[in-house]
Amino acid sequence: MSNQQLRARNIPMQVLSIERAYDGWSMRCSAVPLQQALDIIRAVVFARVPNAEALQPWVGLPGSTSYLRIRDVPYYKLGTTRRPGLLVFARVPNAEALQPWVGLPGSTSYLRIRDVPYYKRTPRSRDDKEARTSPSEVVDAMLASAIIKEHLFLKGVLRITHNSQSSTTATAYFNIWDSQSASRAKELIGKPFMFRTHKLVMEAVRANPGTPLCTCCWRWGHPAIACRAGKPFMFRTHKLVIEAARANPGTPLCTRCWRWGHPAIACRAAQPKCARCAGPHTEDQHRHHAGCCKGEASADPPVAPTPAGQPCPHTKCCPNCGRNHSAYERACKFWSHRFDREWFVAKYAEVRANRMARLRRPPNHPHVD
């Protein structure tokens, strides 16, 4: 019905399909509908949907989110006053007593002052601490400047570090409470102030929290989250640690020739072997090709084949060790050395040497194992 109304008004668009979507219906159109087409579709929906006047179904294009901003908005209300690190609401009852604070999330900025005089007078000896410049003197000199005082909110104490034992200057490090945009640090960096007869300047510096101490292994040099020793846990009265290890699936066992040391995809054997009897056939062909199971009607007496549906009742012969088990069973001594590749290399070298010795032995030569 929608397409009929669209064609009647010469609108080059069609509704191709209607599908269930979320809690309503979605119409797939041949083109993006304009407002006229939306009005026609909306009228058809209201005409076809029972009790549409009460339900008020919405018809429109899929919506999205747009992001806007307004710059240069007044940050303070009319009649508010600003104090260091504190905003007082003009309309909050009893604001002077409550002292409510409103502001952006804070952070820390790291600053320094270089070439600070380390001594305020000539020291009598190297241990004369009274002759050294105190941190409070540097702070008082900074607060004496009206420009600096407005933005200086110390976080912790100021630290003075002597440049060297024979130097007359030092470097002062201090942290300030700041906004996430470092607005206070930007106002302080490069600002000069007088300290006695010296002109000093504030500079930015990177944070240096020192060498981290791991709380897991208690070694210096890395935090606990980067510790390679793993997380400790208690097992009875023992403190154990989980450590990372490389994957070691062991020596692969070929499922074609049933020899250890290579997968089936890399097997170079001329023919497959049976894991049960070491015969030249696969294990699923054992019942039809192995002499013990296929039977022999021409033998005297005749040998009956193994009944269908029953497992092979005959003695097994491992292709590796020759004992009564299959090649993949845990009873094989080769299985117990599956993580020792060198053992397989030495064992197969020994097997090859014994085979070559038997081939080179002249006929009827006595041999003692």
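**Exercise 1.** Determine the volume of the largest cavity and classify the residues of its lining.

*Solution.* The volume of the largest cavity is about 40 Å³. The model is predicted: local features require pLDDT of at least 70 and side-chain atom pairs pLDDT 80 or more, while totals for chains, interfaces and linings use all residues. Residues are numbered from 1 along each chain as its sequence is written, and side-chain values use heavy atoms, without hydrogens and water.

Step 1. A cavity is a set of points, on a 1 Å grid over the protein atoms alone, where a 1.4 Å probe fits but cannot get out; lining residues have an atom within 4 Å of a point. Grid points are joined across faces, edges and corners, and the volume is the space filled by probe spheres set on them.

Step 2. The count is one cavity of 30 Å³ or more.

Step 3. The lining of the largest cavity consists of Arg-276, Cys-277, His-286, Cys-292, Cys-312, His-314, Thr-315 and Lys-316.

Step 4. This lining comprises three nonpolar, three polar and two charged residues.

**Exercise 2.** Describe how strand 6 and strand 7 are joined.

*Solution.* Step 1. Strands are DSSP runs (E, at least two residues), numbered from the N terminus; two of them pair if DSSP finds at least two bridges between them.

Step 1. Strand 6 (residues 159-162) and strand 7 (residues 169-179) run antiparallel, with four bridges.

Step 2. Arg-159 has Tyr-173 of strand 7 as its bridge partner.

Methods
On a 1 Å grid over the protein atoms alone, a cavity is a set of points where a 1.4 Å probe fits but cannot get out, and a pocket is an open set with protein on both sides within 12 Å along at least five of seven lines; lining residues have an atom within 4 Å of a point. Ala, Val, Leu, Ile, Met, Phe, Trp, Tyr, Cys and Pro count as nonpolar, Asp, Glu, Lys and Arg as charged, and the others, Gly among them, as polar.
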